[in-house]
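Open the model in your viewer and show it as a cartoon. The stops below go from the sheets to the core and then to a single side chain.

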Amino acid sequence: MRNLDFSHLSSNAVGFERMARELEGLFDQKAAAYPPYNIEKREHDGYRITVAVAGFERDELELETENGTLKVKGRKAVAAGERQFLHQGIAERDFELAFKLSQHVEVKGARLEHGLLTIDLARELPEALKPRAIPIGKPDQLALPS
């Protein structure tokens with residue numbers, strides 16, 4: 001895959017640095033194969049991310065949001081004692097996933113159940129951005145600023 005250079009875009013633009021960084025980040029991302037996850041659209045403005053984290057305990061998982069990115073990290077604690085596997089199909093390696101969140105999307109909560117980490121998100125638009133109806137009055141009711 002070709003490397004694209006967006007540095008020339010930010011040299012003449014003020015306030016668009018974030019957009020240029022995001023464009024560069026889109027091409028730098030590698031497809032995360034571990035651990036597997038689902039992203040679902042729920043109700044009107046709801047979303048759910050489900051990550052398969054078999055073998056991880058709550059205290060080995062970390063969620064954080066920073067600059068519009070949700071990071072899911074797993075750090076597997078070193079097992080006490082020596083284990084001898086005849087077959088090891090459950091990967092117990094550290095991981096980090098990053099999900100770019102759209103504007104006004106907030107994490108509502110997370111839970112770990114049956115080896116699945118479920119993260120609920122919702123888009124919450126500020127009142128100023130929500131559509132509003134404007135009543136149409138009669139011509140004599142229209143008050144213009146003086």
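Strands here are DSSP runs of E with at least two residues, and helices are runs of H or I with at least four; both are numbered from the N terminus. Two strands pair if DSSP finds at least two bridges between them. This is a predicted model, in which local features need pLDDT of at least 70 and side-chain atom pairs count only at pLDDT 80 or more, while totals for chains, interfaces and linings use all residues. Residues are numbered from 1 along each chain as its sequence is written, and side-chain values use heavy atoms, with hydrogens and water left out.

**Stop 1: the sheet of 3 strands**

Select β3, β4 and β5, which form an open sheet in the order β3-β4-β5 with antiparallel pairing. At the edges are β3 (61-66) and β5 (95-100), each of which pairs on one side only. From one strand to the next the twist averages 15°; axes are lines fitted to C-alpha atoms (for helices, over the stretch in contact), and angles run from 0 to 180 degrees between N-to-C directions. Next, zoom in on β3 and β4 (residues 69-74), an antiparallel pair with 6 bridges. Glu64 is found opposite Lys71 in β4.

**Stop 2: the sheet of 4 strands**

Now select the open, antiparallel sheet with the order β1-β2-β7-β6. Its edges are β1 (37-42) and β6 (105-113); each has a single partner strand, so one side of each has no neighbour in the sheet. Here the twist averages 20° from one strand to the next. Between β1 and β2 (residues 46-52) there are 6 bridges in the antiparallel sense, and Asn38 stands opposite Thr50 in β2.

**Stop 3: the nonpolar core**

A nonpolar core is a set of buried Ala, Val, Leu, Ile, Met, Phe, Trp, Tyr and Cys residues joined through side-chain atoms within 4.5 Å. Buried means under 20% relative accessible area, exposed over 50% and partly exposed in between (1.4 Å probe, protein chains only). The largest core has 17 residues, and Val53, Leu70, Val72, Phe95 and Leu117 touch the most other members. Two or more residues come from each of β2, β4, β5, β6 and β7 (116-123).

Select Leu117. Leaving aside neighbours within four places in sequence, its contacts (heavy atoms within 4.5 Å) include Ile49, Val53, Leu63, Val72 and Leu112.
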